[in-house]
Amino acid sequence: MLKTIIRQKIWPMASTLLQEAFNRDRSPGTVAIILPFLRHIAQATKGMDQELLDLGFLATILRISGRWQDAEDILRPLIAKFAEKHDFKSARVASLSLFYILLNTSRFRDALELTEERKTYTQRAGLGVWFQIEDEVMKLQALNSTGSYENVLRETDKLRIQIRSLAKDIDEEKLAVPWNVIEVLLDTGRQAALQLENYEQALMLNAELANLKKSRGTTDLDMANVNFNDYGPFLRLNRYNEAEKLLWACKDVFEKEKSIEGLSKVFTALADLVHQLGQSARAIGFEETALRYSYSVGNPKDISISHNNLANYLGEAEFKSSQDHRLAAAIIRYQIVSEMLDKSLGGLAYYLNIFGPEALPDSFDQLCDRVEKVDGVRFRELWSRLPKRAEDGDQLLKELIDMAKSASHE
């Protein structure tokens, strides 16, 4: 059907069908099928009114699937074109996608600057107070990434007070639903409280978020995602039974709703929990399951975290294969310019003094073979779609090992 519609050049219908397919299934396999069609449509509609919308959709899919550089290459000129046409609402929407790319690639100052640019689009579009608050919340998300947690908590409280005093404008709600603005604000404050180890405050903000979602009748999946956020505070407060009960309940919902992303994070959390309880073998098993799911989702940052977590558990259990997964994490983090690269290199250096250089792979291919022994890990495939900060896998592997060796002698 889709091919027939494309042959007939019914571009709006073709784009709609692809969007519906992506909304149903965001796995790398589905993305690989959809992308060629989308690129064809974007090229075919070049110069038409629909072109910018198709490019925006293409960039969104690329971003969500972790192909951040490809998405950014589309978004920057797209935002400029919207601004040239004085379509500041669309420029504002597209800037949000670019914002999350900047956060995921550790360009936090650039993300903070983009929030100021977005405020300009909001002003020039003549948008009202809820949109302005949304821009402030976006700024707080950027500040969280720079480590300004106390400032974020202060500003969160100020915005919550301002929001309580506002009467909801029905016309604006059609464009920027106030509940969404409030929910993102509460979650941003929760993240800041968690980083400051204010666990009770994190639980309080999450409870407020959960109540808000319940009041508007959200889905079971949405509620499970919110409830999941309590696991970290429970764990740090040594409320292990509550943490375990919560995680298994979330797992049931994620399985029922077929949420691969949810299953990835819940198995990572279960690994964290049993690791705290001294159960190394179970921690390794849970994290391997999380890693498999994270590859199904395809987000490079999350994959690197899971590789690194698995490396930690394997290392503590004295498995030399921990170095393979730490190198995999380091390679991903180097390519996406992650601030977490130093943690991977620090771990590599530490275990070099324990396992020695003989535990390290001789080549990039050997590294791929080793980490791909874990079911569902497709490291070669991931490498092919990462940003190409380094072009040669063997050369990057050598450089990272040399950096770790230098650190191990300090």
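At what angle do the axes of α12 and α13 cross, and within what distance do they come?

**View 1. Packing of helices α12 and α13.** The axes of α12 and α13 cross at roughly 170 degrees and come within 9 Å; axes are lines fitted to C-alpha atoms, for helices over the stretch in contact, and angles run from 0 to 180 degrees between N-to-C directions. The two helices, α12 and α13, are therefore roughly antiparallel (angles under 35 degrees count as roughly parallel, over 145 as roughly antiparallel, 65 to 115 as roughly perpendicular and the rest as oblique). On α12 the contact is made by N206, L209, A210, K213 and K214, and on α13 by D222, M223, V226 and N227, where contact means heavy atoms within 4.5 Å. By class, this contact of α12 with α13 has 4 nonpolar, 2 polar and 3 charged residues (Ala, Val, Leu, Ile, Met, Phe, Trp, Tyr, Cys and Pro count as nonpolar, Asp, Glu, Lys and Arg as charged, and the others, Gly among them, as polar).

**View 2. Buried residues of helix α13.** Helix α13 spans residues 220-228, and D222, M223, A224, V226 and F228 are buried in it. Helices (H or I, at least four residues) and strands (E, at least two) are DSSP runs, numbered from the N terminus. Buried means under 20% relative accessible area, exposed over 50%, and partly exposed in between (1.4 Å probe, protein chains only). The cover over the buried residues of α13 includes α12 (199-215), α14 (231-236), α15 (240-256) and α16 (260-276).

**View 3. Surroundings of N308.** N308 lies in helix α18 (residues 300-316) and is buried at 9% relative accessibility. The side chains of N308 and S344 are joined by a polar contact of 3.1 Å (a pair of N or O atoms within 3.5 Å; within protein, one must be able to donate a hydrogen and the other to accept it, and residues adjacent in sequence count only if both atoms are side-chain atoms). Beyond its neighbours within four places in sequence, N308 is in contact with R326, A329, R333 and S344.

**View 4. Positive phi in two loops.** Most residues other than glycine have a negative phi. H86, in the loop between α5 (68-84) and α6 (88-104), has a positive phi of about 60 degrees and is exposed at 55%. E197, in the loop between α11 (178-195) and α12, has a positive phi of about 65 degrees and is exposed at 56%.

**Notes.** Residues are numbered from 1 along each chain as its sequence is written, and side-chain values use heavy atoms, with hydrogens and water left out. In this predicted model, local features need pLDDT of at least 70 and side-chain atom pairs count only at pLDDT 80 or more, while totals for chains, interfaces and linings use all residues.
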